[in-house]
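Keep the model open as you read.

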Amino acid sequence: MAQTTGSLSWANCKIELSDDSGATWIDISGFTNSISVDGGERATSEYFTATGDIPIVTSGKRGLIEITTKCVYTEDAANAPYIMVHEANEAQDPLMIRWSPKGGAIGDFQFTSSAGQCAAPVYPQGAADSADAIPIEFTIKCGSITKSVIAL
């Protein structure tokens with residue numbers, strides 16, 4: 001088999017956030033550095049009987065998914081992720097996030113979370129001896145992520 005030439009980098013990823021159950025989406029690509037996904041493992045069990053050398057394996061439900069996003073902190077933009085996430089966390093309002101690694105054009109894959117909750121308060125942090133942009137990090141806990149192909 002020949003080696004693939006279709007790999008992607010994260011450089012053109014389109015990332016959007018919704019605080020109204022997906023009715024409208026705010027593009028936060030220009031603020032966001034990274035997304036990481038953890039959890040979602042399916043519960044499994046094994047059971048041994050007196051006969052046989054291998055277990056009977058069963059499976060159950062999938063676990064919670066945590067989507068952690070790192071962004072730059074800003075105060076001057078109406079669509080700044082800090083403002084949306086902070087307000088949703090304070091009000092216990094659901095958030096959704098979606099991303100398209102290839103950039104969000106028709107035909108690209110898109111990954112969309114179900115409605116979830118911001119797991120912790122979001123506040124800017126930093127050190128006076130650093131010239132780095134001030135980062136924020138937030139985690140949305142949700143039940144699922146759906147892969148789709150962008151049609152419109």
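What follows goes from a sheet to its salt bridges and then to a helix.

One thing to keep in mind from the start is that this is a predicted model. With that said, let's begin with the sheet. Five strands make up an open sheet, and if you read across it the order is E2-E1-E7-E8-E11, with antiparallel pairing. The edges are taken by strand E2 (26-27) and strand E11 (145-149); each has a single partner strand, so one side of each is left without a neighbour in the sheet. As a reminder, strands of a sheet pair through backbone hydrogen bonds, either parallel or antiparallel.

Now zoom in on one pairing inside that sheet. Strand E1 covers residues 14-18 and strand E7 covers residues 96-100, and the two run antiparallel to each other over five bridges. To get your bearings there, find Ile15: the residue standing opposite it in E7 is Trp99.

Next come the charges. How many salt bridges does a search of the whole structure find? The count is four, and we'll visit some of them here.

Start with Glu16, which sits in strand E1. Is Glu16 buried or exposed? Its relative accessible area is 9%, and that makes it buried, because the cut-off for buried is under 20%. One partner is Lys14, with the closest N and O atoms 3.9 Å apart in their salt bridge. Lys14 itself counts as partly exposed, at 27% relative accessibility.

The other salt bridge to look at here is the one between Glu16 and Arg98, at 2.6 Å from N to O. Arg98 belongs to strand E7 and Glu16 to strand E1, so this pair ties together parts that are 82 residues apart in sequence. Arg98 counts as buried too, at 17% relative accessibility. The side chains of Glu16 and Arg98 are also joined by a polar contact of 2.6 Å.

What else surrounds Glu16? Setting aside neighbours within four places in sequence, its contacts are Trp25, Ile26, Asp27, Ile28, Met96, Ile97, Arg98 and Gln110.

For another salt bridge, move over to Lys70 and Glu137, whose side chains meet at 3.9 Å, N to O. Here Lys70 lies in strand E6 (residues 65-72) and Glu137 in strand E10 (residues 135-142), so the pair ties together parts that are 67 residues apart in sequence. In terms of accessibility, Lys70 counts as partly exposed at 39%, and Glu137 counts as partly exposed at 44%. Back at Glu16, salt bridges with shared partners join Lys14, Glu16 and Arg98 into one network.

Last stop: helix H1, residues 81-91. Its buried residues are Pro81, Tyr82, Met84, Val85, His86, Ala88 and Asn89. Which strands do they pack against? The buried residues of H1 pack against E1, E2, E6, strand E9 (117-118) and E10.

Technical notes: Residues numbered from 1 in each chain as written. Predicted model: local features only at pLDDT ≥ 70, side-chain atom pairs only at ≥ 80, totals over all residues. Heavy atoms only, no water. Pairing = 2+ DSSP bridges. Helix = DSSP H or I, 4+ residues; strand = E, 2+ residues; numbered from the N terminus. Buried < 20%, exposed > 50% of the residue type's maximum accessible area, 1.4 Å probe, protein only. Polar contact = N/O pair within 3.5 Å; in protein donor to acceptor, adjacent residues only side chain to side chain. Contact = heavy atoms within 4.5 Å.
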